[in-house]
Amino acid sequence: MNPPAGGVPDELPGVAPRLRDLRRDRGLTLETAAQHAGLSPAHLSRLETGRRQPSLPMLLGLARIYGTTVSELLGEIPPERDAIVRGRKFEGAEADGWMYQQAGGPGRAMQALRVRVPHGAQGDLVRVHPGEEWLYVLAGHLRVTLGETVHDLAPGDSAHFDSLTPHQIAAPDHSGAELLFVHTLLQSPAAELCLGSGIHRR
């Protein structure tokens, strides 16, 4: 089936029930979901009952709100992901002074990263966002502030916390720190509020 100019096939028989089921699974009312998607409740209702076909921008918006992908909305079966990520030399991407390297498979709700935190980088930045975070110190020392409590972590120490707790992460020593970092931020419908323009911004 060839898609029209808008990029979506003329008939998507399985999309309507998936839109309805995903909205209900996320605990969203028709009115709330429609507001977040920039649609009227009546329009979203017609999409969920198959009386209207969604455009690609609508699918992108709804996928983001429901924390899923357009492929899932279309009922496409994703290719089997490789469960193994081989070790390699650290060649991370820089964002706001931190260096990040993917340490897990892409496209999953749980994101795993290897991170290098230089001394003084982002030390005064307080973060609050949906999700959970887990970190494990590989080298150096890390200072983690959770609410009003300050924790100094050494190699082998870890932290696991709710990301809605105001938190700061910094390397107090001039040699910096290196850690493994796992978060569930990307599965949240509010992820775009925290990520900004770069995938590793937190």
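Analyst: We will take a pair of helices, then a loop residue, then the sheet. This is a predicted model, where local features need pLDDT of at least 70, side-chain atom pairs count only at pLDDT 80 or more, and totals for chains, interfaces and linings use all residues. Residues are numbered from 1 along each chain as its sequence is written, and side-chain values use heavy atoms, with hydrogens and water left out.

User: How do H2 and H4 cross?

Analyst: The axes of H2 (residues 30–37) and H4 (residues 56–66) come within 9 Å and cross at roughly 120°. Helices here are DSSP runs of H or I with at least four residues, and strands are E runs of at least two, numbered from the N terminus. Axes are lines fitted to C-alpha atoms, for helices over the stretch in contact, and angles run from 0 to 180 degrees between N-to-C directions.

User: What do you call that angle between H2 and H4?

Analyst: H2 and H4 are oblique to each other. Under 35 degrees counts as roughly parallel, over 145 as roughly antiparallel, 65 to 115 as roughly perpendicular, and the rest as oblique.

User: Which residues of H2 and H4 meet?

Analyst: Ala33, His36 and Ala37 in H2 meet Leu62, Ile65 and Tyr66 in H4. Contact means heavy atoms within 4.5 Å.

User: New topic. Is Thr68 buried or exposed?

Analyst: Thr68 is buried, at a relative accessible area of 15%. Buried means under 20%, exposed over 50%, and partly exposed in between (1.4 Å probe, protein chains only). Thr68 sits in the loop between H4 and H5 (70–73).

User: What is Thr68 in contact with?

Analyst: Leaving aside neighbours within four places in sequence, Thr68 is in contact with Leu22, Ala63 and Leu73.

User: Now the sheet. What is the strand order?

Analyst: The open sheet has 6 strands, ordered S1-S2-S3-S9-S4-S7, with antiparallel pairing. Two strands pair if DSSP finds at least two bridges between them.

User: Which strands stand at the edges?

Analyst: S1 (93–95) and S7 (158–162) do. Each has a single partner strand, so one side of each is left without a neighbour in the sheet.

User: How many bridges link S4 and S7?

Analyst: S4 (residues 132–140) and S7 pair in the antiparallel sense over 5 bridges. Leu135 stands opposite Ala159 in S7.

User: Last one. Where is Ser175?

Analyst: Ser175 is in the loop between S8 (167–170) and S9 (177–183). Ser175 counts as exposed, at 66% relative accessibility. The C-alpha atoms of Ser175 and Ala139 are separated by 9.5 Å, with the two 36 residues apart along the chain.
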